[in-house]
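This report covers helix packing within the chains and the contact between them. The sequence and structure are shown first.

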Amino acid sequence: MKPTLIFVLLIMSLGLYCVLVKDNLIKKALGINIMEGAVFLFLISYGYRQGGSPPILTGSETNIVDPVPQALTLTAIVIGAATTALMLGIIIKIYKIYGTLDTNEIRRLRG
Amino acid sequence: MNHLPVLLIINPLLAAFSLSLSIPPARKNYKIIIGVSAVIQFALSMAALLTSLQQPVHYHVGGWPVPLGITLILDVSSGFMAAFTSILFTAAVLYSFAYIGRGKARYYYVLLMILWAGLTGMVLTGDLFNMIVFIEIASVTAYSLVAFDETSFSLEASIKYMMLGTVGTILIILATGIIYSSVGSLNIADLYNRIQGIPEKPLKISIALFVAGFGVKTALVPMHTWLADAHSSAPAPISAILSGAFVKVGVFALFKLMYNMYGWSVLTSLGTDQLLINIGAATALIGGIMAANQADLKRMLAYSTISQVGLIVMVLSLGTLQGLTAGFFHMFNHGIAKGALFLSVGSMAKRAKTNRITGLSGIGHDMPLSYFGFTVGALAIVGIPLLNGFMSKWLICSNLIQNGHTLHGIVLIIVSIIGAFYYFRVLERLASPAGPDKKHRETSYGMFVPVVTLAGLCIITGLLPYIPLVVIERASLDFFSYNSIITGIIGGF
């Protein structure tokens with residue numbers, strides 16, 4: 001197993017731990033962002049080639065970095081930023097109504 | 001080149017963005033813009049269905065050739081899903097004109113049109129990463145539409161939905177990364193041709209991640225907890241769309257990957273079909289049992305959606321052509337019936353100012369048209385003969401038993417009996433003679449016309465099931481032989 005993969009799994013489980021265990025909504029949002037970071041790292045590390053040149057083709061390159069994962073990561077970063085913005089916006093509204101960020105107290109929906 | 005597939009995505013986006021411009025004509029006349037755009041989109045999707053029945057369209061976005069660029073594929077299955085989504089959306093837009101108060105209404109329609117574009121894109125796309133982008137477009141708008149009322153319930157439901165949905169998306173992106181790193185392509189048809197040779201480990205991990213990720217989006221059983229909150233707290237037309245269309249499109253996308261990217265033989269050799277059919281059975285049972293003891297009517301309908309989606313997942317994981325037909329037919333039937341149910345409950349709840357079943361007792365006398373829509377939808381979902389749900393449940397049950405899954409067939413019958421129990425309880429309660437002191441008026445035209453139209457569709461489909469079945473059989477055939485059709489169009493890779 002490549003060392004980056006182990007690193008990705010570590011960060012991923014750290015983020016998942018944050019989402020599952022922490023009670024504070026902001027911390028949960030941070031955990032989701034940490035998980036996203038792990039996925040970005042996975043995509044980028046796959047496309048990386050040791051000593052590779054940037055994917056701007058002039059015809060003479062032999063060892064180039066794979067550009068597709070970079071494009072995917074950029075798109076995923078944009079998606080993540082939009083989701084985070086919306087999430088924080090809703091957390092602010094929740095704080096205004098409930099007066100707390102603790103998920104144990106934000107429990108009016110039941111059944 | 002036929003530009004229909006891309007127009008289907010551009011048109012709602014154009015309406016949404018022209019509406020969000022802060023120029024006075026757009027601000028004042030938003031209903032006209034949305035109405036015209038919805039009618040155009042409805043016509044476009046019907047035209048797309050008719051076009052696909054003649055010949056499938058394979059559209060290269062930006063003119064890039066196949067494995068490199070993004071492709072949109074309009075075959076009968078995606079055309080059928082787009083048309084079915086459009087029926088629900090058109091009804092919901094018409095309903096929203098009367099339902100949504102003035103205040104922030106413009107932003108509501110912006111989000112609604114983006115959701116429409118996202119769902120249409122999800123069924124049309126032939127590229128794995130593009131599918132993720134459309135899933136996120138649809139999901140992010142769905143999160144914010146659930147929170148649209150900004151009450152404590154809807155905000156809480158929205159944040160729950162958002163947390164789980166975002167984790168689901170991350171799992172799907174990770175699975176896509178694994179697929180790309182082991183195969184080196186993102187085009188679904190191209191992946192199908194090259195996925196056979198890859199080692200078993202990335203294959204297993206990616207399938208598990210896809211099932212978990214899409215399971216969150218479509219509320220399969222261990223990941224179903226958000227759905228009841230989100231669908232019951234959203235505004236009524238949004239509940240109808242999320243229950244009627246979004247969940248079905250999610251199931252469609254999951255099985256598109258399973259059938260057309262991995263190939264069903266790969267899945268059978270890994271045992272994923274057994275996993276999916278059991279997840280479906282668990283979803284159906286747990287959704288049904290949870291629905292039976294709800295005091296809130298919209299919550300009951302939401303749990304009923306979970307249980308019906310379980311039935312669809314069960315029959316789609318048989319991997320047969322007839323199973324696909326039954327599954328698509330039930331998607332259509334459940335979609336229009338659940339649309340009628342949520343919209344009629346929205347009308348009643350708006351008049352009675354409560355969602356609780358006890359608070360709505362006797363309202364059937366005051367609002368006969370809404371009650372008619374509710375009754376037809378409820379009976380269709382229970383599966384009373386002469387209504388559409390009966391035909392598709394019959395097909396699902398016979399397919400399950402013919403393929404040796406008698407136990408799962410029995411699950412369907414148990415779920416239907418439980419469904420009859422909780423729907424009849426509500427029907428009886430809504431029609432109870434204990435008339436309340438205050439009389440409720442029937443809703444305005446804008447609200448009961450969509451309800452009655454959807455209910456009428458249920459009755460027509462139930463009496464003449466062969467008309468939609470002709471299209472649905474073609475759709476499942478196209479879905480089943482997706483890769484050979486695409487290879488036929490582009491002549492191999």
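Among contacts in chain A between residues at least 6 apart in sequence, 44% join residues at least 24 apart; two residues are in contact if their C-beta atoms, placed from the backbone, lie within 7 Å. The model is predicted: local features need pLDDT of at least 70 and side-chain atom pairs count only at pLDDT 80 or more, while totals for chains, interfaces and linings use all residues. Residues are numbered from 1 along each chain as its sequence is written, and chains are lettered from A and ligands numbered from 1 in the order in which they are written.

Chain A has 3 helices and 0 strands, in the order α-α-α along the sequence. Helices (H or I, at least four residues) and strands (E, at least two) are DSSP runs, numbered from the N terminus. The radius of gyration of chain A is 19 Å, well over the 13 Å that the globule rule gives for 111 residues, so chain A is more spread out than a compact globule. That radius is taken over C-alpha atoms, and the rule is 2.2 Å times the number of residues to the power 0.38. The C-alpha trace of chain A spans about 65 × 30 × 20 Å along its principal axes. Of the 111 residues, 26% count as buried, meaning that 20 or more other C-beta atoms lie within 10 Å of the residue's own.

Two helix pairs are set out below. Axes are lines fitted to C-alpha atoms, for helices over the stretch in contact, and angles run from 0 to 180 degrees between N-to-C directions.

| Helix pair | Axis distance | Angle |
|---|---|---|
| α2(A) (residues 25-47) and α3(A) (residues 67-98) | within 10 Å | roughly 180° |
| α1(B) (residues 4-20) and α3(B) (residues 30-54) | 9 Å | about 175° |

α2(A) and α3(A) are therefore roughly antiparallel to each other, a term for angles over 145 degrees. Their contact has 17 nonpolar, 6 polar and 1 charged residues. Here Ala, Val, Leu, Ile, Met, Phe, Trp, Tyr, Cys and Pro count as nonpolar, Asp, Glu, Lys and Arg as charged, and the others, Gly among them, as polar.

α1(B) and α3(B) are likewise roughly antiparallel. Residues of α1(B), including Leu4(B), Leu8(B) and Leu19(B), meet residues of α3(B), among them Ile33(B), Leu44(B) and Thr51(B). This contact divides into 13 nonpolar, 6 polar and no charged residues.

Between the chains, 30 residues of chain A are in contact with 30 residues of chain B. On the chain A side, α2 and α3 are the elements that give two or more residues, and α3(A) provides the largest share, 16 residues. That side divides into 23 nonpolar, 3 polar and 4 charged residues.

How values were computed
Parallel < 35°, antiparallel > 145°, perpendicular 65-115°, else oblique. Buried ≥ 20, exposed ≤ 12 C-beta atoms within 10 Å, placed from the backbone.
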